[in-house]
Amino acid sequence: EKARILHVVKYESPKSIYELSKKLNRSFKSVSDDVKLLERFGFIELVPETTKKRKRLRPIVVVDSITIHFNI
């Protein structure tokens, strides 16, 4: 699910976490928790925006590639 989030944020540019949850057809809470985890690991940045007295956080992917190394 987190890979789907990164893909949708990068290629569909949702304006808020709520819009992202609608595009993914998942609950707001689940998507919000996943986005906050991705932000903590440095994959996503949440940019605060204000429109018509309403504040929202717009997710932006801040990495171009991910390389995973692990020993077996």
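The buried residues of α3 are covered by elements that include α1 (2–12), α2 (17–24) and β1 (44–51). Helices (H or I, at least four residues) and strands (E, at least two) are DSSP runs, numbered from the N terminus. Buried means under 20% relative accessible area, exposed over 50%, and partly exposed in between (1.4 Å probe, protein chains only). The model is predicted: local features need pLDDT of at least 70, side-chain atom pairs count only at pLDDT 80 or more, and totals for chains, interfaces and linings use all residues. Residues are numbered from 1 along each chain as its sequence is written, and side-chain values use heavy atoms, with hydrogens and water left out.

Helix α3 was examined in detail. Its buried residues are Val-31, Ser-32, Asp-34, Val-35 and Leu-38. Seen down the axis of α3, these buried residues fall within an arc of 165 degrees, so they line one face of the helix. The arc is that of the directions from the helix axis to the C-beta atoms. The face turned away from the buried side of α3 carries the exposed residues Lys-29 and Arg-40. The length of the helix was also checked. Helix α3 has 13 residues (residues 28–40) and, at 1.5 Å a residue, should span 18 Å. The expected span is 1.5 Å times one less than the number of residues. The end C-alpha atoms of α3 are 18 Å apart, which agrees. Just after α3, Gly-42 takes a positive phi of about 90 degrees.

The chain as a whole has three helices and two strands. Along the sequence, the pattern is α-α-α-β-β. The C-alpha atoms fill a box of roughly 50 × 20 × 20 Å, taken along the principal axes. Of the 72 residues, 28% count as buried. The accessible surface comes to about 5,600 Å². Carbon and sulfur atoms hold 52% of that surface. Accessible areas come from the Shrake-Rupley method with a 1.4 Å probe; for residues, only the protein chains shown count as cover.

Contact means heavy atoms within 4.5 Å. Among contacts in the chain with a separation of 6 or more, 39% are between residues 24 or more positions apart.

Charge was also counted. The chain has 16 positive and 9 negative side chains. Lys and Arg count as positive and Asp and Glu as negative; His and the chain ends are not counted. The centres of the two sets lie 7 Å apart. The place of a charge is taken as NZ of Lys, CZ of Arg, CG of Asp or CD of Glu.

Ile-60 lies in strand β2 (residues 54–61). Ile-60 is partly exposed, with a relative accessible area of 27%. Leaving aside neighbours within four places in sequence, Ile-60 is in contact with Val-9, Phe-43, Ile-44, Glu-45 and Val-47. Ile-60 and Val-9 are 51 residues apart in sequence and 6.3 Å apart in space, C-alpha to C-alpha.

The loops were examined next. Ser-13 lies in the loop between α1 and α2. Phi of Ser-13 is near 45 degrees, a positive value in a residue other than glycine. Ser-13 is partly exposed, at 47% relative accessible area. Ser-16 lies in the loop between α1 and α2. Ser-16 is buried, with a relative accessible area of 12%. Not counting residues up to four places away in sequence, Ser-16 touches Arg-56, Leu-57 and Pro-59. Asn-25 lies in the loop between α2 and α3. Asn-25 has a positive phi of about 55 degrees although it is not a glycine. At 72% relative accessibility, Asn-25 counts as exposed.
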